[in-house]
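Hi,

Here is the structure I promised to pass on.

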Amino acid sequence: MIAVQEITIAILGAGAWGASLANLAIANGYTVRLWSRRGSETLKAVLQDAQIVVSAISMKGVRDVVSQVQSFPLSPETIFVTATKGLDPQTTRTPSQIWQTAFPSHAVVVLSGPNLSQEIQQSLPAATVVASSIATAAEQAQLVFSSPRFRVYTNPDPVGVELGGTLKNVIAIAAGVCDGLQLGTNAKAALVTRGLTEIIRIGNFWGAKTETFYGLSGLGDLLATCNSPLSRNYQVGYQMAGGKTLTEILANLPGTAEGVNTCEVLVQLAKQQNITMPITEQVYRLLQGEVTPRQALDELMLRDIKPEYNY
Ligand SMILES: NC(=O)C1=CN([C@@H]2O[C@H](COP(=O)(O)OP(=O)(O)OC[C@H]3O[C@@H](n4cnc5c(N)ncnc54)[C@H](OP(=O)(O)O)[C@@H]3O)[C@@H](O)[C@H]2O)C=CC1
Ligand SMILES: O=C(CO)COP(=O)(O)O
């Protein structure tokens, strides 16, 4: 067995999440190289002899970084771990699908869970999921990040795990609006629960398993992000409810709120595939400036009455 000090991990993206993941792996004794397009080290040097490549790049940079990585030689054993929570606007692909298409013979692992980076940086306890169709690759990623403060579970449904983390960002924007308008605990519970129904409906279209959405990377991350002012997506909704414009909010937001772009991709896909996503649609209209937060609420409350489930 190779000693952990001999395993080199390249982490791409030195933002809030990339830096947190780097610290977790460093604490476990791994050799970690962190890359950012603004940093002094070249991508080539960071990738040299890396056994594991972790991507914590915002969605908008994923395709560009993937094509850069393709131009460097990598061992066929290299495992890719993707931690981005977004969707590609051009292809509606998930980040793991982009990595897997570019590197068809490599193992790709998705890392996703209720993981607000500021809490993890403070060593508060948290759990996450690493998912791959190749079980040994997920187990390898599990070893890299597990610690007494960070509990890592494996899962065989990478797209389900990835979509849980991605789709909840749109519901988190709605949850921020709900709290910003002081609509109460009942409203929040209804919103999050019906949001999960929407997530499952479109997630199943992608081929994700329903049970995955009831786990840490689905319901777990939905609860964390919809209830924390640390979430950038929640902040977008909360501040819009306070009367700020999206442009004003994004100009001052620390880091990336992926839910804004994800929402646009989802609305297009839902229309094409005839999938009902009322909360996502109202979040989209709000972000576009087509409705006020109160109008979005009224639109949702005044929809046709119906059974809870269409059995
Ligand atoms: N923060 C969190 O709590 C968590 C975040 N995530 C997910 O991780 C991803 C990153 O989030 P986070 O670290 O918070 O975001 P940040 O905004 O803090 O960092 C984003 C990183 O992506 C890089 N990047 C953006 N565009 C490009 C590009 N075109 N080419 C190369 N690099 C690029 C940025 O580089 P540069 O600094 O040069 O701009 C930066 O290193 C998101 O998808 C997010 O949803 C997942 C779990 C937790
Ligand atoms: O994904 C996250 C927590 O799991 C981070 O949420 P935000 O991107 O909304 O800050």
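Below is what I found, starting with the ground rules and then going through the record, the annotated residues and the two ligands.

This is a predicted model, so to speak of local features we need pLDDT of at least 70, side-chain atom pairs count only at pLDDT 80 or more, and totals for chains, interfaces and linings use all residues. Residues are numbered from 1 along each chain as its sequence is written, chains are lettered from A and ligands numbered from 1 in the order in which they are written, and side-chain values use heavy atoms, with hydrogens and water left out.

**What the record says**

An unreviewed UniProt entry places "domain: Glycerol-3-phosphate dehydrogenase NAD-dependent N-terminal" on residues 9–39 and 42–134. UniProt positions follow the numbering used here, feature names are shortened, and annotations may be inferred rather than shown by experiment. Residues 9–39 are 39% helix and 29% strand, with end C-alpha atoms 17 Å apart. For residues 42–134 the figures are 32% helix and 20% strand, and the end C-alpha atoms lie 30 Å apart. Helices (H or I, at least four residues) and strands (E, at least two) are DSSP runs, numbered from the N terminus.

The unreviewed entry also has a "binding site" annotation, on Lys85, Arg232 and Asn233. These are spread over 149 residues of sequence, yet they cluster in space, with a largest C-alpha distance of 12.6 Å.

**Two of the annotated residues**

Lys85 sits in the loop between β4 (79–82) and α4 (95–102). Lys85 counts as buried because its relative accessible area is 16%; buried means under 20%, exposed over 50%, and partly exposed in between (1.4 Å probe, protein chains only). Beyond its neighbours within four places in sequence, Lys85 has contacts that include Ser112, Gly165, Asn169 and Glu258 (contact means heavy atoms within 4.5 Å). The Lys85 side chain also reaches the backbone oxygen of Gly113 at 3.0 Å.

Arg232 belongs to helix α11 (residues 232–241). With a relative accessible area of 29%, Arg232 is partly exposed. Not counting residues up to four places away in sequence, Arg232 touches Leu253, Pro254, Gly255, Thr256 and Ala257.

**Ligand 2**

Taken alone, ligand 2 exposes 310 Å², and the protein buries 92% of that (Shrake-Rupley method, 1.4 Å probe; for residues, only the protein chains shown count as cover).

**Ligand 1**

Ligand 1 has 23 residues around it, and Trp17, Arg37, Arg38, Thr256 and Glu258 come nearest. The shell divides into eight nonpolar, ten polar and five charged residues. Here α1 (16–27) and α3 (59–70) each supply at least two of the residues.

A polar side-chain atom of Arg37 is 2.8 Å from an oxygen atom of ligand 1. On its own, ligand 1 has 900 Å² of accessible area, and the protein covers 86% of it.

Cheers

How values were computed
Polar contact = N/O pair within 3.5 Å; in protein donor to acceptor, adjacent residues only side chain to side chain. Near = heavy atom within 4 Å. Nonpolar A, V, L, I, M, F, W, Y, C, P; charged D, E, K, R; others polar.
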